[in-house]
Amino acid sequence: MDQLNALIVFLNFVFVPGLTYGAQLSLGALGVTLVYGILRFSNFAHGDTMAFGTMVTILFTWWFQSMGLHFGPLPTALLAMPFGILFTALFVLGTDRVVYQFYRKKKSVSTILVIVSVGVMFVMNGLTRFIIGVENRNFEDGERFLITARDFKTLTGLDEGLAIKTTQVITVVVAILVVAAMFWFLNRTRTGKSMRAFSDNEDLALLSGINPERVVQVTWILAATLATVAGVLYGLDKSFKPFTYFQLLLPIFASAIVGGLGNPLGAIAGGFIIAFSEVMVTYAWKKVATYALPDSWAPDGLLQLMSTDYKFAVSFSILILVLLFMPTGLFKGKSV
Amino acid sequence: MKKLLMVTTAIYAFSGAAIAEEVKIGVLLGFTGPLESITPAMGAGAELAMAEVTASGKLMGGATVTSVRGDSTCVDAAAATSAAERLVTSDKVSAIMGADCSGVTGAILQNVARPNGIAMISPSATSPALSTAEDDGLFFRTAPSDARQGVVMTEVLMDRGIKNAALTYTNNDYGKGLADAFQAAFEAAGGTITISTSHDEDKADYSSEVASLAAAGGDILVVAGYEAGAGRAIIQSSLDSGAFETFVLPDGMVGQSLVDTIGAGLEGSFGQYPGTDSQGAEMFQALATSAGFDGTGAFAPESYDAAALIMLSMAAANSTVSKDWAGKVMDIANAPGVEIFPGELGKALDLIAAGTDIDYVGATAVDLIGPGESAGNYREIEIKGGKIETVRFR
C-alpha cells in the first residue's frame, strides 16, 4: 500500500506536471529547430510568436464566449485556435516579407539574422502587450478536472490523491497529434521532402528545381502553427502573461540545443529532458521516500537537491554541459 | 456693474486664498501592481480625510488640502523612487502618505524622504526591518510591524489547535519579514514549521513550488504573499493538485477578489489583517459608504488615519515644513488628551487652536509605539459562504 502511495505522490507532483510541461516545451522547441534547420538561424522571436498566437486565440475565445459558443466540456480556446494559427501565420509571413527576406537576398550570415530576430522579438513583444495588456489572463473554461485529488482518494481508498486536469490531458493529446502530423508531413509529402532537401543541401535542392521562396513560406507557416499550439496549451494549462512567454525562450532553446538543433526528434526528446530535470532536481523527495522506504529509514530532511528558485539554473546547467561535451546535441543536430 | 465688481472681488479673494494656502500631500500607493485591487480604497480613505479638513476650513486659517497621487507599483523600487522624487521636487508636496509595500517604502525613505527632508506616514508597510531603519525622525506608520502580526497569527493557529504548518512567502522585504516573524513566534509557542520557502512573483507556473510544500506536509499552508499575485496562483495550484485544502491568509492576501476567483476551494480558510472593533472603525465605515467606497477594505482606515495625522500634526506645529510637524506626530497620536474619532477632524483642529491636548484615536485606534509605528490591532477573518467574515478582534 505504501509503495502505491509513493507512486501516486510521484505521479501527482512529478510525472504528470513534468509530462505536460515537457509536451509544451517540445512543441516550442520543434518550431525553433525547424526554423534553424531550414532558414539557418536561431529565431529569438519564437517565444513572442507563441505569445502573439495565444493572444489572438484568447481574443477569439472571448468573442466566441460572448456569442454563447462553447465546446462542451472542452475549453472554447480549442475552437479559437485555428483562427489564432491563421492570424499568426499571416503575421509571421508578413514579417518575413518585410524583414527577413531583405537579409536572405543579401545572403547575410546567420549571426545577423539572429540579431534581426531579436528586433522582431521586441516588436512582437510590444505589440502583444499593447493589444491585450500585461496582466495575467485566464481563458480556460469547460470541465477543469478529469479527476480531482479528493475524488481519487475516495475512489481508491489511498491516502494520497492524484489530480488530472483536463488541460493536462488536452496538452498531451494535442501534442501527440501535432507531432505525428508534422512528421508525416516532413517524411511523406512532396513539400515536406523538398523542405528536408533544402535543409540538407541548399544548392543541390535549388538545382533540382525546388522553389526556395515556397519552402521558406511553408516553414514559417509550420513554425507559426507550432508556436500557437504550444502557446495556447501552455496558457490553458498555466496562465497567459506576455512576460512569462518571453521567459520561456530559455528552456525552449535549451530543449532544442540539447536534442540537437535542426533535428525534430531531438527537439521532442530535449523538451522532455529539460522539463523532467527541472521538476525532478527541484522536487523535495521526502514524501515519496517516506512511503517507499521502511519506517526506520524515513528521512528527516526534505531531500531536495535545489530550491525551486533555481529552476532556470537547471536548464542553464544542462545547456552548458551539452554544449561543452556534445556540441551537436544528443541526437546529432547541427553544431551551434 | 455692482454684480461684476462683487464677482471679481470674490474670485480675487478665493484665488488669493488658494494660492497662499494650499497644502499638497502626496498619496503614494501601488495603483498598479500586485496590490492594485486594494489601493483604490486606500487612496480614497486618505483623500476623504483631506476633503474633511479642507471643508472645515480650520487648518492654518482655511488652507485647502490637495492630494497628489503617485504610483509606487508596490514592487519596483526604481519606479517608486522616481514617482516619489516627482512628488517632492516637481509637485512640492509637504508630506507623503505612503508608500504601501515595505520594500518600496524603505527605498523611498532612504532615497527621497531623508535627502529632501520630507516626512512620510505609511498606512501599510509592515516589515519589521522598518522599525530599525535610519529615518531622521521622518518616518511613521499607522500599520503595525509584522513582528506583531507573527504573534497574532500564531495565536489564531494555536486557538484552532493547529500545531504544524507549511509556510511560503513572496520573495521581498514584506514576505521575508513576516515569514521570519511568524516562524519565530510559532516555534516559540510549540508549533512546527515543516518548510519555509520563498516564491517569486510573475511566474506562469507554481506547481514545483507547491510540490515541495506538499512534500514537506503540514496541516495547513500559510501564504505570505499578494492576493492578486503569486499568492493566488499558489493557492489555486495547491487546490488543483490536492496538496493543501486550508490556507492561512495574512494581510496581503485578504481581498474579496481572491475569494471570488478561487471560489469554493477557499471556504474555511482564515487569516487576519489590521483592524479594530473600536467605535472609530464603524464611524469610518459610515463615512466611507457615504463617500462611495468600501471602508472595510484592508488598510483603507489606516490610510485615513495616516492622512489625518499628517494634517493634525501640521496644525499643531502651525507649519507645513516636515521637520516641524514630524515632531508633533507622536503627541497627536497618543494619550493624554481629548479622543478624536473619524469625522471629528474639524473639532480636533479647533481644540489644537485652543491649545488643548488631543489623542487621535481615528479609525484604527491609533497608538504609536517605539519608533513611530502602530501597536497593532488585528481582525481575525474566515471565509464563509464566499464572503470574508470577521470572527473576532485581537
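1. B:Val27 stands opposite B:Met97 in β3(B), and the two strands concerned, β1 (residues 22-29) and β3 (residues 95-98) of chain B, pair in the parallel sense over 4 bridges. Strands here are DSSP runs of E of at least two residues, and helices are runs of H or I of at least four residues, each numbered from the N terminus; two strands pair if DSSP finds at least two bridges between them. Strands of a sheet pair through backbone hydrogen bonds, either parallel or antiparallel.

2. A word on the basis of this note. The model is predicted, and local features need pLDDT of at least 70 while side-chain atom pairs count only at pLDDT 80 or more, whereas totals for chains, interfaces and linings use all residues. Residues are numbered from 1 along each chain as its sequence is written, and chains are lettered from A and ligands numbered from 1 in the order in which they are written.

3. On confidence, the predictor gives the complex an ipTM of 0.81 and a pTM of 0.77. Chain B averages a pLDDT of 89, with 95% of the residues scoring at least 70; pLDDT is the predictor's confidence in each residue, from 0 to 100. Residues 11-20 of chain B call for caution, as their pLDDT stays under 50 and the model has 2 contacts for them beyond four places in sequence, a contact being a pair of residues whose C-beta atoms, placed from the backbone, lie within 7 Å.

4. In chain B, an open sheet of 7 strands has the order β2-β1-β3-β4-β5-β14-β13, with mixed pairing. Its edge strands are β2 (64-71) and β13 (368-369) of chain B, each of which pairs on one side only.

5. A further set of strands in chain B involves β8 (220-224). β6(B) and β8(B) pair in the parallel sense over 5 bridges, and B:Ala166 has B:Leu221 of β8(B) as its bridge partner. β8(B) also pairs with β9 (residues 247-249) of chain B, again in the parallel sense and over 2 bridges, with B:Leu221 standing opposite B:Phe247 in β9(B). From β8(B) the chain crosses through α8(B) to β9(B) in a right-handed β-α-β crossover; right-handed means that, with the strands pointing away from the viewer, the path from the first strand over the helix to the second runs clockwise. Because 4 of the 5 residues of β8(B) are buried, this strand is largely enclosed by the rest of the structure. A residue is buried if 20 or more other C-beta atoms lie within 10 Å of its own, exposed if 12 or fewer, and partly exposed in between, with C-beta atoms placed from the backbone.

6. How far apart are the end C-alpha atoms of α6 (residues 173-188) of chain B? They are 22 Å apart, which agrees with the 22 Å that its 16 residues should span at 1.5 Å a residue, the expected span being 1.5 Å times one less than the number of residues. α6(B) is mostly covered, as 12 of its 16 residues are buried, among them B:Tyr174, B:Leu178, B:Phe182 and B:Phe186. The elements that cover these buried residues include α4 (102-116), α5 (146-159), β6 (164-170), β7 and β8 of chain B. Just after α6(B), B:Gly190 takes a positive phi of about 95 degrees.

7. The contact between the chains takes 20 residues from chain B and 27 residues from chain A. On the side of chain B that touches chain A, the elements that give two or more residues are β7 (192-199), α7 (207-216) and α8 (230-241) of chain B, and the largest share, 8 residues, comes from α7(B). By class, that side of chain B has 6 nonpolar, 8 polar and 6 charged residues, where Ala, Val, Leu, Ile, Met, Phe, Trp, Tyr, Cys and Pro count as nonpolar, Asp, Glu, Lys and Arg as charged, and the others, Gly among them, as polar.

8. Some backbone geometry deserves a check. Most residues other than glycine have a negative phi, and most peptide bonds are trans. A cis peptide bond joins B:Gly98 and B:Ala99, with omega about -5 degrees, and B:Ala99 is found in the loop between β3 and α4 of chain B. Another cis peptide bond joins B:Ala335 and B:Pro336, with omega about 0 degrees; B:Pro336 has its place in the loop between α13 (329-333) and β11 (338-340) of chain B.

9. In chain A, A:Arg40 has a positive phi of about 65 degrees although it is not a glycine, and A:Arg40 is found in the loop between α1 (2-39) and α2 (46-66) of chain A. A:Arg40 is partly exposed, with 15 other C-beta atoms within 10 Å. A:Lys107, also not a glycine, has a positive phi of about 55 degrees and is found in the loop between α3 (77-105) and α4 (110-132) of chain A. Because A:Lys107 has 6 C-beta neighbours inside 10 Å, it counts as exposed.
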